[in-house]
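Visitor: Could you take me closely through one part of this protein, the place where its domains meet? I would like the terms spelled out as you go.

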Amino acid sequence: MNYISIKEINSLSKWVKQAIKIKKNPLKNQSLGKNKTLGMLFFNPSLRTRLSTQKAAMNLGMNVMVMNFTNEGWTLEFEDGAVMNSGASEHIKEAAEVVSQYCDIIAIRAFAGLVDKEKDYQETVISGFLKYATVPIVNMESAIRHPLQSLADAITMEEFKPRHKNKPKVVLSWAPHPKALPQAVANSFVEMMQMQKDMDFVITHPEGYELSPEITKDCTIEYNQDKAFENADFVYVKNWSNFNDYGKVTNSDPNWTVTAEKMALTNNGKFMHCLPVRRNVIVSDEVLDGENSIVIEQANNRTYSAQLVLQKILKKL
């Protein structure tokens, strides 16, 4: 069993209920991971993902090894048949097989390069480990997906959704950012929302900032942010770089920053963001520090989304 995309979940509602149950007693299955090792490989930096996944593994009694390829590992070659006479020192074939001998589960974090869209959407790093590793693989954020985050988001919305409303309204909103950012969080959030049968979902962003049409198909897209926010119960905010002009910042309109005035259009809506977040660029201090901000609770649920995934994999080993 691998966990690469949230679409691999057979019943999101069941998984969410199981994660909430784990949250109430996180050490219940501490013997499940005894004498098992989680190898965490980071090709990009992390705070919440690293600490929450490591804590989840420890809650299950696992040993944990962490390696940062940014400054500790050999540069890897991922192309089959490559003539390795330049920068890369080791091929993914040997690296994946070797790490598989040391670990029972391998978790990988590797962002999009935001230069070559076709290469990013082929998921070079994750695909290489899936091809050559001999143990289960967990996606801790890849070029186009972040399924641990979207599972945590689903848990958080279940905990905070209004009980008096049959179909809560959820809005995914683009917001400005000084740098081009990957589309992974937004993509996985969209995929997660497409699995929700009891919620209304709207995506809002400036024209030209559409996500992959393969991912957002059948979704409602509203280019007027104020209109999208009307009567929303959850507002999930995230920047993503331009999909058509790939990896570029083609809009920095500060009017898309989420402010108290915009949140006043909602149905006393909860503010969500995966963190880290740039204050007063993505969202105003007033909103982020307000009583309807649930970003800290979201971050806490990262532990239980990871723990549920690891627990399910361990039971199959």
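Guide: What follows looks at the interface first and then at some local features of the chain. This is a predicted model, in which local features need pLDDT of at least 70 and side-chain atom pairs count only at pLDDT 80 or more, while totals for chains, interfaces and linings use all residues. Residues are numbered from 1 along each chain as its sequence is written, and side-chain values use heavy atoms, with hydrogens and water left out.

The protein is divided into domain 1 (6–144 + 302–315) and domain 2 (147–298), with bounds that come from an automatic or database domain assignment. Taken over C-alpha atoms, the centres of domain 1 and domain 2 are separated by 26 Å. To the contact between them domain 1 gives 31 residues and domain 2 gives 32 residues, contact meaning heavy atoms within 4.5 Å. The two domains bury about 2600 Å² between them, and 68% of this is on carbon and sulfur atoms; buried area is the accessible area (1.4 Å probe) that two parts lose on being put together, summed over both. On the side of domain 1, Ile 6, Leu 114 and Arg 302 lose the most area to domain 2, and together they make up 27% of what that side buries.

Two salt bridges are found across the interface of domain 1 and domain 2, a salt bridge being a side-chain nitrogen of Lys or Arg within 4 Å of a carboxyl oxygen of Asp or Glu. Glu 191 forms a salt bridge with Lys 7, where the closest N and O atoms are 3.8 Å apart. Nine residue pairs, both residues at pLDDT 80 or more, are in polar contact across the interface of domain 1 and domain 2; a polar contact is a pair of N or O atoms within 3.5 Å, of which, within protein, one must be able to donate a hydrogen and the other to accept it, and residues adjacent in sequence count only if both atoms are side-chain atoms. On the side of domain 1 that touches domain 2, the elements giving two or more residues are helix H1 (12–24), helix H2 (48–59), helix H4 (117–121), strand S6 (137–139) and helix H12 (295–316). Helices (H or I, at least four residues) and strands (E, at least two) are DSSP runs, numbered from the N terminus. The residues of that side of domain 1 divide into 19 nonpolar, four polar and eight charged, where Ala, Val, Leu, Ile, Met, Phe, Trp, Tyr, Cys and Pro count as nonpolar, Asp, Glu, Lys and Arg as charged, and the others, Gly among them, as polar.

Turning to the whole structure, a search finds 14 salt bridges. The side chains of Lys 93 and Glu 97 meet in a salt bridge (3.5 Å, N to O); because they are four residues apart in helix H3 (residues 92–102), Lys 93 and Glu 97 are separated by about one helical turn.

Some backbone details remain. Glu 123, in the loop between H4 and helix H5 (124–132), has a positive phi of about 55° although it is not a glycine. The peptide bond from Leu 275 to Pro 276 is cis, with omega near 0°, and Pro 276 is found in the loop between strand S11 (270–272) and helix H11 (285–288). Most residues other than glycine have a negative phi, and most peptide bonds are trans.
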